[in-house]
Amino acid sequence: INFAALNKNDGTREKFISRFGENGTLVQFDYEAFHLRLAANLIGYQLPESSVHEFLAKQYYGTDEITPEQYEESKARTFGMMYGYSDDTGGVEFFQKLKEYSSDLWEKYRQNGFVLSGTGRKVFVEDATNNKVFNYMMQLTETEEAISRVHNVCNFLRLNDTKVILYTYDAILLDVPNDEFHLMENVQNMLSKGGYPVRQYRGHNYNNLILHKI
């Protein structure tokens, strides 16, 4: 089953509930702008802990008051610039530095025929281009970071009834008995370590997960 593609509007996701019934809750953690924060760490750029998309939107539009429409438009613009669909940097220092990093990465690939990930894996790209090498590096970096953190959380929970039951891109879903909610603070700290803030959602089924204020 492709859980990430399950319909959010027809009740399909409501079928997935805690194995503890009324005595359990599904808890999801997802990262705030995970790809952007990964890129920032690669280039040594400090992003705020608050919303990165709002931080960038304020620079695009030159205002501290961002409308919902501007917020959505800025997200599309951000990913276009990040993944090479546009040469525009929006006059934003972050994207100027990211473009320099991408160019340096491409030069290393041309010289060596590969580049190294943060864990030392060699990255080979078929029909390589500047954008493809950068995208491959980003996808691998995401996987290395995310899976390492999920692994640490699973180890932490191994003697408890709480279990990680799903990993989807930049989010993990846990099945938590109500008497183990105290473990969620530790899980959140493990996932957010190194400058990757996460949001926590709770609900009695996979369709109705509500943001939980920490």
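On a 1 Å grid over the protein atoms alone, a pocket is an open set of points where a 1.4 Å probe fits, with protein on both sides within 12 Å along at least five of seven lines; its lining residues have an atom within 4 Å of a point. The model examined here is predicted, so local features need pLDDT of at least 70 and side-chain atom pairs count only at pLDDT 80 or more, while totals for chains, interfaces and linings use all residues. Residues are numbered from 1 along each chain as its sequence is written, and side-chain values use heavy atoms, without hydrogens or water.

The largest pocket holds about 340 Å³ of space, a volume being the space filled by probe spheres set on the grid points. Its lining includes Lys8, Arg13, Asp30, Asp170, Tyr206 and Leu209. By class, this lining comprises five nonpolar, three polar and four charged residues, where Ala, Val, Leu, Ile, Met, Phe, Trp, Tyr, Cys and Pro count as nonpolar, Asp, Glu, Lys and Arg as charged, and the others as polar.

The second largest pocket has a volume of about 290 Å³. Among the 16 residues lining this pocket, Tyr31, Ala33, Phe34, Phe79 and Asp170 are the closest to its centre. Helix 1 (34-43), helix 3 (68-82) and helix 5 (130-157) each contribute at least two lining residues; helices are DSSP runs of H or I with at least four residues, numbered from the N terminus.

Tyr31 and Phe34 also form a stacked aromatic pair, at 4.1 Å centre to centre and 15° between the planes. Rings of Phe, Tyr and Trp (its six-membered ring) pair if their centres lie within 6.5 Å, and planes under 30 degrees apart count as stacked, over 60 as edge-to-face and the rest as tilted. Tyr31 is buried at 7% relative accessible area, and Phe34 is buried at 2%; buried means under 20%, with a 1.4 Å probe and protein chains only. Ring pairs join Tyr31, Phe34 and Tyr196 into a cluster.

In soluble globular proteins, nonpolar side chains tend to be buried together. A nonpolar core is a set of buried Ala, Val, Leu, Ile, Met, Phe, Trp, Tyr and Cys residues joined through side-chain atoms within 4.5 Å. The largest such core has 44 residues, of which Phe29, Leu56, Met82, Phe94, Phe95, Met184 and Leu191 touch the most other members. Helix 5 supplies the largest share of this core, eight residues.

Key. Buried < 20%, exposed > 50% of the residue type's maximum accessible area, 1.4 Å probe, protein only.
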